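Q: I'd like to learn how to read salt bridges and strand pairing in a model. Could you walk me through it?

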Amino acid sequence: MKNLKQLSLALLALVVFTACSNDDDSTNPEPVNEEEVITTLTATLTPVGGGTAITLEYRDLDGTSGPNPAVVVTPTPVLTPNTTYNGTLVLLNETVSPAELINEEIEEESNDHQFFYSASNESNDIATFTYEDVDGNGDPLGLAFTLTTVDADAAGTLTITLRHEPSKSADGVADGDSTNAGGATDVEAVFPIEIQ
């Protein structure tokens with residue numbers, strides 16, 4: 001009887017010990033930081049020193065994997081030569097109701113995101129960009145930016161790209177060059193623009 005009691009206690013201790021010591025990471029994997037669903041990107045360009053703001057809107061309401069193509073809602077904007085614009089972005093997920101503002105998620109996970117901007121035609125860059133905000137490590141984020149147009153009439157495209165988990169320390173990335181950034185593209189919006 002004494003041996004049966006000791007055996008029962010030993011088994012009970014083994015069960016309790018096993019239940020409390022589950023340090024196997026394979027059964028408790030870290031959550032995956034999934035890419036954001038972005039259906040709508042709105043960029044607002046406000047001339048420094050005053051003037052009428054320009055709004056650009058890109059929509060892909062069934063998401064990037066849906067059958068319907070993305071559309072640029074806004075007609076081709078006309079920007080003034082040799083002018084600096086303060087730029088801001090609003091990103092939405094309209095696959096849910098009410099629409100979800102994605103800016104907050106991007107700000108919370110700023111170390112894992114960076115926007116890239118380019119404005120060019122077949123032969124030249126037609127605007128330059130400067131980051132006006134940073135992530136938690138002091139690296140560029142890009143929800144706020146400035147755009148400065150060239151001092152000439154021109155036509156081309158403005159491309160705004162959000163990368164998820166880019167290599168922010170790679171060559172040129174801090175200056176806005178996405179060539180070495182890597183990561184996954186959360187959204188890429190291409191707008192026709194004119195400068196005159």
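This is a predicted model: local features need pLDDT of at least 70, side-chain atom pairs count only at pLDDT 80 or more; totals for chains, interfaces and linings use all residues.

Q: How do I read the salt bridge between the side chains of K168 and D135?
A: Start with the rule: a salt bridge is a side-chain nitrogen of Lys or Arg within 4 Å of a carboxyl oxygen of Asp or Glu. Here K168 and D135 meet that rule with N to O at 2.8 Å. Residues are numbered from 1 along each chain as its sequence is written, and side-chain values use heavy atoms, leaving out hydrogens and water.

Q: Where in the chain do K168 and D135 sit?
A: In distant parts, 33 residues apart. K168 lies in the loop between strand 10 (154-164) and strand 11 (184-195), and D135 in the loop between strand 8 (127-131) and strand 9 (144-149). Strands here are DSSP runs of E, at least two residues, numbered from the N terminus.

Q: How many salt bridges does the rule give?
A: The count is 3. Apart from K168 with D135, look at R59: E57 bridges to R59 with the closest N and O atoms 3.5 Å apart, and E94 bridges to R59 at 3.1 Å. That links E57, R59 and E94 in a network. R59 is partly exposed at 25%, and E94 is partly exposed at 28%.

Q: Which parts of the chain does the pair E94 and R59 link?
A: Distant ones, 35 residues apart: R59 is in strand 2 (residues 54-59), and E94 is in the loop between strand 5 (84-93) and strand 6 (100-101).

Q: Which strands does strand 5 join?
A: The general idea is that strands of a sheet pair through backbone hydrogen bonds, either parallel or antiparallel. Two strands count as paired if DSSP finds at least two bridges between them. Strand 5 runs antiparallel to strand 1 (residues 40-47), with 8 bridges; T46 has N86 as its bridge partner. Strand 5 also runs antiparallel to strand 9, with 5 bridges, and there G87 stands opposite F145. Finally, 2 bridges join strand 5 to strand 6, again antiparallel, with N93 partnered by E100. Strands 5 and 6 form a hairpin with 6 residues between them.

Q: What is the strand order in the open sheet of 4 strands?
A: The order is 4-11-10-7, with mixed pairing. Strand 4 (78-79) and strand 7 (113-120) are at the edges, each with a single partner strand, so one side of each has no neighbour in the sheet. Strand 7 runs antiparallel to strand 10, joined by 8 bridges, and S120 stands opposite T157 there.

Key
Buried means under 20% relative accessible area, exposed over 50%, partly exposed in between (1.4 Å probe, protein chains only).
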